[in-house]
Amino acid sequence: MSAEAAVIEVDIRNAHDASEYADLENRFRKLAGVKGVHLDRTRGVAHLSYDPAEIAPEEIQSQLGTNGYRCDCKPRPGSKSHAGHPCIGADDRAPQDTTKAATATNDVAERSQSAMHACHTAHSQHTHHVDAEGSAAGHEQHATTAAVAATHATHVEHGAAAKHESHHIPDSQTGHAAHATAAAHAEHSKDGSHGEHAAMGHDEHGGHDAHAGHGEAMVGDMLRRFVVSLILSLPLMAFSHLGALVGLHPMPPFGLSMAWFGFLLATPVVWWGGKPFISAAWRALRQGEANMMTLIALGILVSYTYSVAATFLFEGKVFYEAAAMLTTFSLAGHWLEMRSRFATGRAVEALLKLAPTTARVKRGGEEKEIPLSDVAVGDEIVVRPGDRVPVDGEVSSGSSYVDESMITGEPVPVAKTEGAKVTGGTVNQTGAFNFKATAVGADTALSRIVQMVQNAQASKAPAQRLADTAGKYLVFVAIGSGLLAFAVWYFIGDAGFLFALTAAVSTIVIACPDALALATPTAITVGVGKGAREGVLFKNATALEATAGIDTVIFDKTGTLTEGKPALTDIITANGFTENELLRLVASADKPSQHPLAEAIVEGARARGIEVNSPESFNSIPGHGVEAQVSGRRVFVGNKKLMERERIELGELEERVQVLASDAKTAMYIAVDGRAAGVVAVADRIRESARQAVNSLHGIGVRTVMLTGDYRSTAEAVARQLGMDTVIAEVLPEDKAEQVTKLQREGRKVAMVGDGVNDAPALAQAEVGIAIGAGTDVAVETADVVLVKNNPADVSRSIQLARKVRGKIKQNLFWAAIYNLIAIPIAAGALYPSLGLLLRPEWAALAMSASTVTVTLNALLLNRVRFSAIGNVEPRAGGLAEA
């Protein structure tokens with residue numbers, strides 16, 4: 001897609017059949033200036049990337065109208081990280097000025113411009129996503145993301161060094177320096193990648209669920225046609241041979257002949273009820289194409305036309321009831337199929353309804369309620385008990401607890417005080433607070449998540465291309481089979497014209513490939529929606545398919561398996577000191593220090609309710625630790641060198657420190673008034689969810705690998721506690737991709753789990769890149785799969801779900817193929833010589849509709865999937881593989 005390309009969203013309002021979209025997609029491609037097409041069969045929406053210099057949206061709409069399609073074309077901002085789709089929030093757009101941006105401060109605007117520039121630099125090359133032309137290029141494009149390492153060489157190397165080596169701390173000063181570097185990098189990354197958004201136009205907010213309206217209208221129209229057709233068809237059945245079988249009077253009322261009675265009732269059924277099939281077949285014929293609607297229309301019109309000819313041109317038996325019931329049953333099947341198909345899209349779009357329609361804004365010292373679309377960045381918004389938070393922002397005053405389960409999945413409300421972030425759509429509990437809006441409309445976390453899911457549903461999986469191709473050939477197989485059945489029975493079997501015609505029509509109708517066309521997209525759509533509700537976002541269908549094949553998961557250590565910051569973990573006392581007394585002394589001694597380890601000790605003391613006072617005196621001893629006077633007592637905190645200098649006897653504390661070091665913990669000795677008082681240990685704590693992640697992956701047969709720049713001793717200690725299979729340590733950022741490649745050469749299908757920036761080359765090289773993310777950052781991560789809940793245990797869920805979806809696709813394709821292999825010969829009359837069984841056209845239509853509904857309902861069963869929780873499994877015993 002050229003730099004000049006734009007994106008248009010085409011809302012298709014009269015394509016009633018999923019199989020018709022394959023032809024429609026090809027027509028889009030043939031339009032001059034159209035560069036790429038992504039068509040969402042579950043919402044009747046197409047995303048087209050086009051060159052404005054070659055074609056305008058109005059011209060696209062006009063050409064589609066000429067082809068018989070009613071549609072609405074709307075230009076949309078293009079995505080930088082999701083090529084060919086609408087953008088996902090402000091970070092995903094080119095910088096632009098809006099009138100509402102004036103409400104934000106200059107500082108916010110400048111930071112937003114800087115943030116978006118950084119985002120674009122990092123993400124514009126990252127194209128995991130497969131374009132509409134083919135899937136093979138997707139991974140090759142994905143691999144180009146390694147260029148990010150060159151673009152940000154200084155940033156990445158600095159970040160990796162800080163991130164992965166900071167926890168190997170031979171002495172206090174080294175630890176201080178490393179942690180300080182890591183903290184600086186974290187702050188830089190935060191400001192550089194995800195700054196506050198400038199106010200952007202957010203009229204699109206209501207656009208996400210607009211398609212549900214036209215989908216519901218199409219479903220309702222199909223239902224009306226079915227009901228009216230059924231009412232008119234039932235009398236036809238009553239006076240046909242089917243009615244005679246149950247003892248009904250064989251003669252129509254009012255002295256009408258069966259021919260005239262059938263003509264009067266069947267005509268509105270065929271031409272009004274069957275209009276969706278006939279008009280779609282006519283559109284295909286004008287393009288020299290054939291699809292499933294061609295088969296249904298052919299069956300209906302052949303039955304009806306022969307009956308009309310037998311009524312007006314020659315004496316013969318009519319079967320208007322076949323034409324009418326064929327239309328009615330086909331309408332029933334398509335109504336059920338469309339109802340299920342559009343419901344899969346509405347289930348995700350309904351997320352947007354979590355946001356309120358209005359917001360209570362404080363302007364000019366007065367509170368007033370305004371429409372959500374009028375809220376601008378910088379507005380002060382008032383939230384009362386029980387209110388839904390309307391947009392994303394930062395608390396400026398007040399406090400409360402907010403239920404964030406719709407984003408995080410955690411049922412426990414989160415405390416919100418001044419400075420805390422709040423997310424649109426979450427529910428306030430008992431307190432009241434004011435907050436400043438930082439993201440509105442399409443830029444809110446909720447809108448961005450929904451847009452990402454919709455883009456994923458609109459993408460096409462490789463299996464869908466195979467199904468579309470097979471469906472196209474099956475149409476011609478069906479027509480050929482019908483002609484063959486007619487020829488065999490009429491010319492060879494000497495069964496008569498009407499019998500041969502019945503066999504031909506039944507064969508054509510029953511072979512309709514609608515089930516085949518729906519096999520993949522319904523499963524993909526339901527799977528993506530299910531994943532979104534579980535906190536797992538797949539960026540496209542190809543990523544979903546690739547995730548199903550993963551057999552090896554590589555984890556980055558810091559910030560993924562661990563919390564990413566030092567925390568107090570152990571307190572060991574000696575010589576009669578209590579834990580609280582020791583912690584009060586050491587925390588007070590460390591209070592003036594800016595060292596991250598010291599800050600971790602102070603925070604740990606305060607978390608335990610211990611009062612931390614400033615020392616009377618403080619002295620930093622480079623390379624050793626600190627000396628302080630606390631409550632009249634002389635306190636030393638530091639390494640063994642400091643204790644030896646002060647001639648402190650450590651006794652059994654040395655052995656305890658060695659044990660702590662083996663668990664990747666940094667231990668500091670404490671001496672008070674010239675004697676050993678104990679040890680405190682600080683470490684980057686392992687996430688509890690990381691243990692569940694590793695155990696769950698082992699439970700589904702997936703190998704786990706840690707890939708880190710940290711020292712081997714530290715990495716092995718963490719991996720040993722988690723029970724991981726392999727550790728690859730002391731790896732530079734630029735070498736991580738090569739380590740992924742080595743595993744791939746062994747035949748492994750690899751997923752890389754990281755932060756999406758420092759690990760960009762490895763994320764690009766892996767079959768699937770998985771980012772740990774949350775909130776407003778989720779849509780701009782450089783990965784195929786995003787874990788919204790910031791929970792590594794969801795890696796296992798993503799693989800389990802992808803495997804379930806793959807299983808459903810295989811089941812659907814199998815049953816669709818088996819159905820046609822069995823049904824076509826039966827409809828053609830293969831069982832008539834032996835069993836006297838000939839399938840009439842109306843029953844063929846019922847069987848065809850049943851197969852379509854079965855495939856759709858089978859896909860919908862994905863909503864009932866329950867993921868295995870294997871968090872209580874003990875870590876594997878035995879040695880760790882080294883690399």
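Tutor: The questions below concern this model, which is predicted.

Student: How many helices and strands are in the protein chain?
Tutor: The protein chain has 883 residues, and 57% of them count as buried. Among contacts between residues at least 6 apart in sequence, 72% join residues at least 24 apart. As for the elements of the chain, there are 31 helices and 26 strands.

Student: Which residues touch the most other members of the largest nonpolar core?
Tutor: In soluble globular proteins, nonpolar side chains tend to be buried together. The largest nonpolar core here has 64 residues. Within this core, the residues that touch the most other members are I296 and I510.

Student: Which helix gives the largest share of this core?
Tutor: The core in question is the one of 64 residues that includes I296 and I510.

Student: Which residues is I510 in contact with, leaving aside its neighbours within four places in sequence?
Tutor: I510 is a member of the largest nonpolar core. With its neighbours within four places in sequence left aside, its contacts are Y819, N820, A823, I824, A827, L839, A844, A847 and M848.

Student: Which residues of helix α26 are buried?
Tutor: Helix α26 covers residues 712-722. Two residues in that range, A717 and V718, are among the members of another core, of 48 residues. Just after the helix, G723 takes a positive phi of about 75°. The buried residues of α26 are T714, A715, E716, A717, V718, A719 and L722.

Student: Why does R634 count as partly exposed?
Tutor: R634 forms a salt bridge with E646, the closest N and O atoms being 3.9 Å apart. A residue is partly exposed when its relative accessible area falls between the buried limit of 20% and the exposed limit of 50%. R634 therefore counts as partly exposed, because its relative accessible area is 38%.

Student: Where does S631 lie, and what is its phi?
Tutor: S631 is in the loop between β17 and β18. Although S631 is a residue other than glycine, its phi is positive, near 50°.

Student: Which helix gives the most residues to the nonpolar patch on the surface?
Tutor: The patch is formed by L484, V488, Y490, F491, I492 and F497, with about 630 Å² of accessible area together. One of these residues, V488, is partly exposed, with a relative accessible area of 35%, and V488 is found in the helix asked for. The helix covers residues 462-492 and gives five residues to the patch; it is α16.

Terms used
Residues numbered from 1 in each chain as written. Predicted model: local features only at pLDDT ≥ 70, side-chain atom pairs only at ≥ 80, totals over all residues. Heavy atoms only, no water. Patch = residues over 30% accessible without salt bridge, like charges linked within 9 Å, V, L, I, M, F, W, Y side chains within 5 Å. Areas by Shrake-Rupley, 256 points an atom, 1.4 Å probe, with all protein chains shown as cover. Salt bridge = Lys/Arg side-chain N within 4 Å of Asp/Glu carboxyl O. Helix = DSSP H or I, 4+ residues; strand = E, 2+ residues; numbered from the N terminus. Buried < 20%, exposed > 50% of the residue type's maximum accessible area, 1.4 Å probe, protein only. Contact = heavy atoms within 4.5 Å. Core = buried A, V, L, I, M, F, W, Y, C linked by side-chain atoms within 4.5 Å.
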